[in-house]
Amino acid sequence: MVPERCSISVKGRACTLPPSLIVSIISGDEEYMIGLVCSDHVMLMKTKALSMQNSGKIGMGKIKFQEIKPVMTDCVLNQKNMDHDSNCLQE
Ligand SMILES: [Zn+2]
């Protein structure tokens, strides 16, 4: 399940803005998502991800920010293809 909010908390309060970017770690051939972030918190997320890497909470690798595409279009296309349904974020 994908959260529908930004993953960042500031001073204990979760950000309630809708996310606009997917944050993932690219390690070798693998890429895995670590969270979602709104456009306001991109830099904060980058800092947080780096410190999580340094403390070993997440794997090392390149931190990638990818814009969340409009879900409708991708889901419809992918349901026909069945090849790349990983792009479809809604369950
Ligand atoms: Zn945020």
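Predicted model: local features only at pLDDT ≥ 70, side-chain atom pairs only at ≥ 80, totals over all residues.
Two residues are taken to be in contact when their C-beta atoms, placed from the backbone, lie within 7 Å. Helix H1, formed by residues 42-54, lies across strands S3, S4 and S5, and its direction makes an angle of about 130° with that of S4.

In overview, the protein contains 2 helices and 5 strands. Read from the N terminus, these elements follow the order β-β-β-β-α-β-α. The chain has 91 residues, of which 13% count as buried. Among contacts between residues at least 6 apart in sequence, 42% join residues that are at least 24 apart.

The sheet comes next. Three strands, in the order S4-S3-S5, form an open sheet with antiparallel pairing. Strand S4 (30-37) and strand S5 (62-67) each have a single partner strand and stand at the edges, so one side of each is left without a neighbour in the sheet. On average, and with direction ignored, neighbouring strands here are turned by 30° against each other.

Strand S3, residues 21-27, can be followed pair by pair. Its antiparallel pairing with S4 is made by 7 bridges. Along this pairing, Ser24 stands opposite Met33 of S4, Ile25 faces Tyr32 of the S4 strand, and Ser27 is set against Glu30, also in S4. The hairpin of S3 and S4 has 2 residues between the strands, and Gly28 in this hairpin adopts a positive phi near 65°. Towards S5, strand S3 is joined by 6 bridges, again in an antiparallel manner. Here Ile26 is found opposite Lys62 of S5.

Attention can now return to helix H1. The helix has 13 residues and spans 18 Å from its first C-alpha to its last, close to the 18 Å expected at 1.5 Å a residue. Its buried residues are Met45, Lys48 and Ala49. Viewed down the helix axis, these buried residues fall within an arc of 100°, so they line one face of H1. Strands S3, S4 and S5 are included in what covers them. On the other side of the helix, Met43, Thr47, Leu50, Ser51 and Asn54 are exposed. After H1 comes Gly56, with a positive phi near 80°.

Lys48, which has its place in helix H1, counts as buried because 21 other C-beta atoms lie within 10 Å, where 20 or more are required. Although Lys48 and Ile8 are 40 residues apart along the chain, their C-alpha atoms are separated by 8.9 Å.

Leaving aside residues up to four places away in sequence, Val23 touches Met33, Ile34, Gly35, Leu36, Val37, Met45, Ala49, Ile63 and Phe65.

Lys11 lies between strand S1 (9-10) and strand S2 (13-14). Most residues other than glycine have a negative phi. Lys11 is not a glycine, yet its phi is positive, at about 50°. How many other C-beta atoms lie within 10 Å of Lys11? There are 4, so Lys11 is exposed, the limit for that class being 12 or fewer.

Technical notes:
Residues numbered from 1 in each chain as written. Pairing = 2+ DSSP bridges. Helix = DSSP H or I, 4+ residues; strand = E, 2+ residues; numbered from the N terminus. Axes fitted to C-alpha atoms, helices over the stretch in contact; angles between N-to-C directions. Expected span 1.5 Å × (residues − 1). Arc of directions from axis to C-beta.
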